[in-house]
Amino acid sequence: MNNPTLATSVASRISELRAGKLSCSQSTLLGLTDGLADSEYGNRFPDTATLRKASVGFRGGIGCTYGEGTCGALSGAVMALGFLSDNEGKATLATQELFNAFQQEFGSVSCGKIRAVYGGTHCTDCCLFAARKALELI
């Protein structure tokens with residue numbers, strides 16, 4: 001989806017959620033779902049409370065381990081892609097493309113490796129990139 005207004009709205013929402021101390025996984029997923037709420041995709045997501053609960057454990061490389069686990073921003077975007085597709089095969093291909101783009105952008109999908117290079121201040125950038133790429137893929 002190539003919609004600059006939507007991309008800006010999603011990015012603003014993610015930044016708000018991060019400033020409010022939500023995790024990378026929650027901020028990415030909720031930023032996407034909130035941004036898409038008034039679109040043709042808005043009815044594909046559960047309520048916000050359910051999404052927050054479903055995504056909380058993916059924070060900090062899964063369970064705040066900040067180690068080898070997958071970056072929570074990527075996990076949040078992957079969850080959004082799953083909700084957005086009616087076809088599991090297409091969702092899998094979109095997820096693969098997202099994974100590859102994220103890895104190319106940050107050199108890894110591992111939370112710990114990304115934090116070792118960029119520090120914890122880069123988490124919001126990971127959220128914004130993952131969401132922007134997910135929007136391109138829907």
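Me: Is Phe106 buried or exposed, and what is its relative accessible area?
Reply: Happy to start there. The model is predicted, so local features need pLDDT of at least 70 and side-chain atom pairs pLDDT 80 or more, while totals for chains, interfaces and linings use all residues. Residues are numbered from 1 along each chain as its sequence is written, and side-chain values use heavy atoms, without hydrogens and water. Buried means under 20% relative accessible area, exposed over 50% and partly exposed in between (1.4 Å probe, protein chains only); Phe106 is buried, at 8%.

Me: Which kind of aromatic pair do Phe106 and Phe129 form?
Reply: Rings of Phe, Tyr and Trp (its six-membered ring) pair if their centres lie within 6.5 Å; planes under 30 degrees apart are stacked, over 60 edge-to-face and the rest tilted. Here the centres are 5.6 Å apart and the planes stand at 85 degrees, so the pair is edge-to-face.

Me: How many residues apart in sequence are the parts that this pair ties together?
Reply: Helices are DSSP runs (H or I, at least four residues) and strands likewise (E, at least two), numbered from the N terminus. Phe106 lies in helix α6 and Phe129 in helix α8 (residues 123-137), so the parts tied together are 23 residues apart.

Me: Which residues do ring pairs link into a cluster?
Reply: A search of the whole structure finds five aromatic pairs. One of them is the tilted pair of Phe102 and Phe106, with 4.7 Å centre to centre and 50 degrees between the planes. The cluster linked by ring pairs consists of Phe102, Phe106, Tyr118 and Phe129.
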